[in-house]
Amino acid sequence: MNADLLIHSAAQLLTLVGPHPRRGEAMSDLGLIEDGAVAVHEGRILAVGPTDEIRSEVVARQEIDASGLMVMPGFVDPHTHAVWAGDRADEFEMRLRGATYMEIMAAGGGIMSTVRATRAASIEELITQSRRRLDTMLAHGTTTAEVKTGYGLDVENELKQLRAIRALDQAHPMTLVPTFLGAHAVPAEYKGHADEYVDLVVEEMLPAVKSQIADAQSPIFCDVFCDEGAFTLEQSRRVLEAAGTLGLGLKIHADEFKPLGGTRLAVELGAISADHLVCTPAEEIELLGRAETIAVALPGTPFGLAHHEYTPARAIISAGGALALATDLNPGTCWCESMPFIIALACRYMKLTPAEAIVAATVNAACAVGLAHQVGSLEAGKLADIVILDLPGYQHLPYRFGTNPVRTVIKAGRRVVG
Ligand code: NIG
Ligand code: FE
């Protein structure tokens with residue numbers, strides 16, 4: 001067979017081939033091949049296996065010698081708010097001095113502060129600021145990411161944010177999956193009238209979003225921030241049921257600060273994921289364990305807030321849940337573009353093993369954005385989204401932290417970093 005590219009002699013090639021999403025014991029299965037090789041043709045993976053085997057089958061135009069290095073699928077980051085304007089460095093310092101995230105939000109800062117900056121920015125400015133973050137994500141090995149709206153909070157600006165996400169998906173090497181998060185916060189002009197804002201989300205924003213993406217091939221999701229100080233369980237249900245009726249996939253920010261029943265709702269509505277899950281009650285963890293819904297943990301968020309409570313990942317895995325990891329990249333709680341750092345946090349504070357954390361950041365993360373047929377593992381036919389890490393083995397990925405281990409990134413067969 002002819003190939004465009006052969007990456008060979010990897011100390012460890014992690015294929016992640018196998019069942020997905022992975023649960024329980026299967027979360028430890030990396031599909032590891034020593035002295036491994038992967039052949040790429042026309043943007044897709046042609047063959048994967050031991051170097052001598054692949055060499056006997058494939059003639060490649062170009063080769064990369066990965067001796068002493070680790071090769072694996074590009075990371076999938078299934079929960080980000082990567083498109084915004086401005087920053088909230090001042091609030092970070094206020095929190096260090098004792099203010100809480102929710103106090104700052106109740107006083108008109110927090111999400112609303114980024115909403116003001118995002119509304120004031122032109123779409124070009126929004127794209128320019130966000131593109132730099134996408135470049136950093138890519139440099140840290142992320143080749144596919146979900147990106148939410150939720151900093152517009154009116155029809156015009158939610159659509160502007162969605163257009164920015166779609167323009168960046170076209171212009172940037174990364175694959176971006178859009179999520180509509182009109183119910184991220186009750187905007188200042190609706191203060192005290194949250195139900196009327198939910199009317200606007202359901203009656204105007206959702207149909208407008210639907211018509212804007214009518215031509216799109218890739219999936220689109222709807223999310224809601226179900227928490228004290230954001231949206232109640234009943235309001236969250238209204239938004240998600242309306243989105244489901246329009247054919248959008250469903251996601252939810254559940255149990256980040258207070259358990260309102262969001263995880264139960266996600267399971268009942270067949271949401272593709274329930275995210276955060278820091279204070280999820282035991283009965284709802286059991287429900288999640290028996291459901292298709294992926295549990296997305298975001299350990300960068302408690303770390304970013306200097307909180308000490310993390311998603312109870314061991315309990316979720318014991319219950320049978322399919323766990324994924326994401327950055328939650330956003331200007332308030334977690335400005336972090338690096339999946340390797342998230343993996344390092346997950347092992348320390350959520351007690352994942354290195355293999356479980358890598359599964360959660362690749363195959364299971366791909367399931368959480370509905371793209372497991374395209375990305376998340378190195379198998380013939382899938383997109384050739386491949387990272388080469390300057391590490392001799394997978395345990396080194398969480399073991400080392402604070403520097404970037406990624407040497408080369410290949411997106412759809414094209415070398416985009418290194
Ligand atoms: O996932 N919790 C709600 N949304 C984000 C924070 C957004 C912000 O503060 O700007 C989160 O943590
Ligand atoms: Fe979030």
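Which side chain meets Arg-88 in a salt bridge? Glu-91 does, at 2.9 Å, N to O. The model is predicted. The structure holds 16 salt bridges.

**Salt bridges**

- Glu-228 and Lys-258 form a salt bridge at 3.5 Å, N to O.
- Glu-228 sits in the loop between strand 9 (221-226) and helix 8 (233-245), and Lys-258 in the loop between strand 10 (249-254) and helix 9 (262-269), so the bridge ties together parts 30 residues apart in sequence.
- Glu-228 is partly exposed at 47%, and Lys-258 is partly exposed at 39%.
- Arg-237 and Glu-268 pair at 2.9 Å, N to O.
- This pair links helix 8 to helix 9, across 31 residues.
- Arg-237 is partly exposed at 28%, whereas Glu-268 is exposed at 51%.
- Shared partners join Arg-119, Asp-154 and Glu-189 into one salt-bridge network.

**Negative patch**

- Glu-34, Asp-35, Asp-52, Glu-53 and Glu-57 form a negative surface patch.
- Strand 2 (32-41) and helix 1 (51-57) each give two or more residues to the patch.
- Helix 1 gives the most, with three.
- Glu-57 lies in helix 1 and is partly exposed at 35%.

**Val-296**

- Val-296 lies in strand 12 (residues 294-297) and is buried, at 0% relative accessible area.
- Beyond its neighbours within four places in sequence, its contacts include Pro-78, His-79, Leu-277 and Ala-368.
- Val-296 and Ile-213 are 25 Å apart, C-alpha to C-alpha, and 83 residues apart in sequence.

Conventions
Residues are numbered from 1 along each chain as its sequence is written. Chains are lettered from A and ligands numbered from 1 in the order in which they are written. This is a predicted model: local features need pLDDT of at least 70, side-chain atom pairs count only at pLDDT 80 or more; totals for chains, interfaces and linings use all residues. Side-chain values use heavy atoms; hydrogens and water are left out. Patches are made of residues with over 30% relative accessible area and no salt bridge: like charges are joined within 9 Å, nonpolar side chains (Val, Leu, Ile, Met, Phe, Trp, Tyr) within 5 Å. Accessible areas come from the Shrake-Rupley method with a 1.4 Å probe; for residues, only the protein chains shown count as cover. A salt bridge is a side-chain nitrogen of Lys or Arg within 4 Å of a carboxyl oxygen of Asp or Glu. Lys and Arg count as positive and Asp and Glu as negative; His and the chain ends are not counted. The place of a charge is taken as NZ of Lys, CZ of Arg, CG of Asp or CD of Glu. Helices (H or I, at least four residues) and strands (E, at least two) are DSSP runs, numbered from the N terminus. Buried means under 20% relative accessible area, exposed over 50%, partly exposed in between (1.4 Å probe, protein chains only). Contact means heavy atoms within 4.5 Å.
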